[in-house]
Number of protein chains: 2
Amino acid sequence: MTLDRSTLRWNGWGFARHEDNFADATRLWPFLAEALGTPDLPHTPAKTLAESTLAPSTLAFGDLAPFQQAGCEIGMTPEDRAFHTRGDSYRDLLDLRGGKLDPAPDAVIYPKDAAACQRAIELADKAGLALVPFGGGTSVVGGVSPLKGSHRGVLAIDTTKLDKLISVDRASLRATAEAGIYGPFLEQKLNAQGVTLGHYPQSFEFSTLGGWIAARGAGQQSNRYGKAEEWLVSARLATPKGPWATEAFPASSAGPRLTDLVAGSEGTLGLITEATFQVHERPTARDYRAYLFPSFEAGREAIRHIIQADIPVSSLRLSDEDETHFFGALSRLTSPPKTAHKLQDAYLKLRGFGGARCALIAGAEGDEGLVAYARSAIATIVRKHGALAAGTSPAKNWLKGRFHGPYLRDPLMDRGLGVDTLETAASWADIPKLYSAVRAALLETTRRVSENGAHGICLAHISHSYRDGASLYFTYLWPRSTGGLDAEIAEWHAIKSAASDAIATNGGTISHHHGAGTDHAKWMADEKGATSMAVLRALKAELDPNGIMNPGKLGL
Amino acid sequence: MTLDRSTLRWNGWGFARHEDNFADATRLWPFLAEALGTPDLPHTPAKTLAESTLAPSTLAFGDLAPFQQAGCEIGMTPEDRAFHTRGDSYRDLLDLRGGKLDPAPDAVIYPKDAAACQRAIELADKAGLALVPFGGGTSVVGGVSPLKGSHRGVLAIDTTKLDKLISVDRASLRATAEAGIYGPFLEQKLNAQGVTLGHYPQSFEFSTLGGWIAARGAGQQSNRYGKAEEWLVSARLATPKGPWATEAFPASSAGPRLTDLVAGSEGTLGLITEATFQVHERPTARDYRAYLFPSFEAGREAIRHIIQADIPVSSLRLSDEDETHFFGALSRLTSPPKTAHKLQDAYLKLRGFGGARCALIAGAEGDEGLVAYARSAIATIVRKHGALAAGTSPAKNWLKGRFHGPYLRDPLMDRGLGVDTLETAASWADIPKLYSAVRAALLETTRRVSENGAHGICLAHISHSYRDGASLYFTYLWPRSTGGLDAEIAEWHAIKSAASDAIATNGGTISHHHGAGTDHAKWMADEKGATSMAVLRALKAELDPNGIMNPGKLGL
């Protein structure tokens with residue numbers, strides 16, 4: 001079971017029929033214009049597919065017939081090629097909305113199973129064609145851009161026909177599935193057998209198991225269920241040098257664990273066709289609730305203490321002052337005014353919370369004993385750090401709307417706004433300076449690129465935490481350049497580069513869970529260092545000597 | 001601070017002055033002889049160093065002067081070379097005790113710091129000399145055997161002068177240390193700053209940080225503190241291609257995590273000179289207690305449920321029937337008889353425990369709330385699986401004596417016995433058949449090699465557990481061949497091969513925490529598969545093109 005691609009937007013997020021969250025929010029646009037210091041927000045609709053430029057395929061049916069015989073469906077319609085021409089980054093949307101579809105894949109191939117993947121890769125290798133692995137296509141780092149390197153053509157190899165749950169091992173709490181299965185179908189099938197993977201990235205509805213692994217993704221409950229490289233037990237790949245299956249032990253000391261090379265490989269070493277991963281019994285108890293902190297620092301310290309005390313939480317999500325304020329204001333704007341809000345504000349002021357406050361959503365899942373222990377241990381620690389309990393409603397609202405964020409981007413881009421996100425991670429010792437430096441770089445650059453005295457806004461949160469550090473996630477909006485596509489891209493690049501440089505010089509990784517793709521390749525090479533990059537190139541040369549697998553990604 | 005090697009046994013375990021645990025146990029030898037079905041146990045003392053064969057070094061001082069100038073001390077005495085000629089496996093002890101010291105390293109070099117390591121490696125690379133990294137030298141898989149491949153000589157490169165704790169980051173709970181620091185000194189220095197690594201392998205007193213990482217070791221509290229690859233944050237290596245430093249982020253998605261290639265590399269890719277690792281605040285509460293189960297299966301299922309319910313334990317150690325019985329009998333033999341024992345036996349019989357019973361030691365460490373939660377959650381689960389509480393004394397005794405096991409081997413080998421251990425890990429689904437198959441192979445082979453109707457005994461335990469599986473550790477004794485060194489080695493090889501084949505065909509890894517070294521290389525290649533081995537060879541060719549780093553280990 002898979003998604004019918006014709007129900008999805010080719011140049012935006014998610015289901016085409018999904019209603020525009022902002023459609024009725026007449027108070028929203030003036031609020032945003034004021035927040036950004038711009039007189040008004042122009043209408044800037046996207047081009048239609050018919051208005052877009054898509055160069056003819058350089059391949060003929062004769063080139064593709066062998067792939068068909070090898071068990072692949074072939075897609076060469078403009079709709080097919082357009083859908084596979086970019087991922088889902090702001091940078092990608094600039095191209096797509098601007099009607100610039102080149103470079104596009106010359107064709108899309110849909111292998112029906114792992115054997116067809118292997119044959120297709122061998123055929124492409126012989127024919128000198130580059131292959132771009134494509135699952136859900138939700139990369140936000142240029143991970144599925146159809147770069148062909150020095151090859152004569154490029155095919156998107158779409159994995160979504162590999163959509164079977166193969167087996168569940170209830171004793172070992174492991175499951176094995178084909179890599180192209182979408183999140184909701186995978187969870188549905190696992191749930192039917194009483195288990196869950198629990199991997200819920202924001203892209204959950206439109207991304208695949210293989211993509212999560214290839215990009216080392218993280219779900220919103222990663223504290224409990226783990227990041228992709230943590231729940232991944234073993235992978236099977238199709239590579240130009242033949243099928244590759246990695247170890248499948250709970251632990252081993254028989255040489256380095258090569259499964260770890262698959263997580264984060266982004267299709268550059270081979271195509272993930274199947275994965276075995278850890279699952280959990282479905283939780284019988286859950287507790288998600290909100291707390292308000294007087295500062296980001298106080299909330300951050302609470303998270304650090306919770307994690308370092310080994311409290312079994314599933315999720316700790318702390319918004320900084322501006323994010324707490326902005327989403328609070330947003331929800332008041334898009335819903336009827338309530339007296340409760342005024343009372344709340346007055347109460348907080350009384351308790352010493354000025355304008356600044358930071359919301360934490362803390363969750364635990366498992367059996368009743370574990371959840372009770374976690375809830376009480378969390379409450380003790382957050383109180384020590386000055387937090388006020390804010391009940392379960394904000395947490396419920398967050399859980400309900402947690403996949404909807406990306407839907408907001410399309411209407412924002414329709415109204416002349418730039419909107420992008422980036423994320424990083426660092427040790428606890430480095431987090432304060434990293435947060436300040438990236439935020440400063442984003443505010444400074446969005447102000448600089450904005451015209452007529454307008455400026456950007458920058459919201460941040462911590463959503464993944466570890467004993468030795470945490471992630472930082474930034475969302476930023478600004479009035480987009482009115483100078484056309486090239487100017488928009490230059491503006492994006494200026495902002496992205498400034499923030500990425502700030503990450504690199506302040507102890508952060510260029511990405512915590514988005515991956516490296518094309519956009520982060522330069523910074524990734526710097527953070528890995530020359531020896532590590534030589535190691536990656538040696539790996540690639542061994543498995544993909546002709547460099548056909550996702551050329552240019554990870555700088556390989 | 002490091003150990004004075006002259007205080008250590010060169011052909012046995014630990015401190016030379018350590019007293020023989022069995023010296024006064026006059027009842028022990030008849031008990032063992034009876035258990036093994038052999039009329040008596042001959043005296044089979046080890047040869048002295050003077051009685052041993054050690055070929056002259058093929059290197060002259062002129063060959064070594066450059067290493068001295070590069071910051072290395074040089075060791076060429078017979079004592080120095082003998083200490084570095086083997087690790088601490090039963091197979092190694094056969095050689096050492098039999099006086100067969102060849103192949104031996106031509107010399108030992110002791111670099112004073114990371115820079116000296118790098119220069120030494122470059123010198124060796126130019127001079128065509130193989131290097132065998134040597135920390136504590138406690139490998140039990142032939143990991144430090146001085147194989148020279150096609151090189152003209154071989155040096156042991158001893159890391160124990162790299163013994164500094166470099167820094168502790170209290171906020172991030174990370175520490176950085178030089179790789180040659182011994183366990184006790186590392187813990188002492190960490191403890192002085194309020195933290196602990198908590199890595200306590202049985203070899204703790206005589207092994208080093210770098211060795212733990214190189215061999216992917218596991219400590220006895222690995223449930224809490226993690227296996228080496230779990231607590232390792234980042235490593236620095238000296239390699240023939242230059243210094244290599246890996247990433248140091250709490251998490252990242254910028255390409256594959258190459259730190260994972262260092263764990264388990266066993267010196268084949270380079271020499272670990274420094275490591276950053278996660279530490280914990282020293283626990284303020286601890287609870288270790290014992291339970292008795294009516295069967296190994298019941299205890300195993302209890303462990304599985306405890307781990308899969310995410311109870312924060314530090315250690316779960318379950319002995320099978322024979323191990324529980326044997327160590328019970330052993331402790332009664334070496335201490336005065338007690339009426340309490342008889343009462344205990346009667347009580348167990350009454351509660352439906354026949355002769356068979358299995359001891360579990362369950363431990364939790366952390367703050368008081370966590371330990372209280374863990375203790376109560378453990379108690380609930382073990383009761384469901386038919387366990388009886390056996391109090392805290394057995395756990396205290398285990399904690400007290402947990403590094404003493406290897407000391408027993410020397411007196412056993414002095415009395416004509418063969419004694420070896422091996423370990424593996426598999427998914428929970430595979431554990432039952434793996435346990436039966438390996439045990440059967442060990443019992444069958446030790447019986448077959450024993451003379452005059454004697455036979456071996458086989459004891460097993462689970463000491464490391466994961467959501468998706470567990471380790472199995474086997475200890476086996478048998479009356480050793482009386483046919484001389486070659487016969488002893490052939491006998492060892494027959495037993496080891498039979499057990500390793502049983503592991504390979506029943507879903508186990510050839511090693512959970514001992515490493516692969518020389519002894520496991522063949523089975524490791526099978527379990528990794530041809531593609532993974534090609535990947536490892538490509539990595540080695542990149543970092544060590546002339547193959548000077550620990551030749552032959554991991555089959556590389």
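**View 1. The fold of chain A.** Chain A contains 20 helices and 19 strands. Its radius of gyration is 23 Å, close to the 24 Å given by the globule rule for 556 residues, so chain A is as compact as a globular protein of that length. Along the principal axes, the C-alpha atoms of chain A fill a box of roughly 75 × 60 × 45 Å.

**View 2**

**View 3. The extent of the interface.** In this predicted model, 76 residues of chain B are in contact with 76 residues of chain A. The area buried between the two chains is about 5900 Å². Carbon and sulfur atoms give 58% of that area.

**View 4. Polar contacts and the elements behind them.** Between chain B and chain A, 48 residue pairs are in polar contact, both residues being at pLDDT 80 or more. Several elements of chain B each supply at least two residues of the side that touches chain A. Among the helices are H10 (259-262), H11 (296-308), H14 (368-384) and H19 (521-528). Among the strands are S9 (242-245), S16 (417-427) and S19 (469-479). Helix H20 (530-543) of chain B also belongs to this set. H20(B) gives the largest share, nine residues. By residue type, the side of chain B that touches chain A divides into 35 nonpolar, 22 polar and 19 charged residues.

**View 5. Salt bridges across the interface.** Side chains of opposite charge can pair when their charged atoms come close. Six salt bridges are found across the interface of chain B and chain A. The count over all chains comes to 56. B:Asp468 lies in the loop between strand S18 (465-466) and S19 of chain B. A:Arg174 lies in strand S6 (residues 174-178) of chain A.

View 6. B:Arg174 forms a salt bridge with A:Asp468. Here the closest N and O atoms are 3.0 Å apart.

Technical notes:
Residues are numbered from 1 along each chain as its sequence is written. Chains are lettered from A and ligands numbered from 1 in the order in which they are written. This is a predicted model: local features need pLDDT of at least 70, side-chain atom pairs count only at pLDDT 80 or more; totals for chains, interfaces and linings use all residues. Side-chain values use heavy atoms; hydrogens and water are left out. Contact means heavy atoms within 4.5 Å. Buried area is the accessible area (1.4 Å probe) that two parts lose on being put together, summed over both. A salt bridge is a side-chain nitrogen of Lys or Arg within 4 Å of a carboxyl oxygen of Asp or Glu. A polar contact is a pair of N or O atoms within 3.5 Å; within protein, one must be able to donate a hydrogen and the other to accept it, and residues adjacent in sequence count only if both atoms are side-chain atoms. Helices (H or I, at least four residues) and strands (E, at least two) are DSSP runs, numbered from the N terminus. Ala, Val, Leu, Ile, Met, Phe, Trp, Tyr, Cys and Pro count as nonpolar, Asp, Glu, Lys and Arg as charged, and the others, Gly among them, as polar. The radius of gyration is taken over C-alpha atoms; the globule rule is 2.2 Å times the number of residues to the power 0.38.
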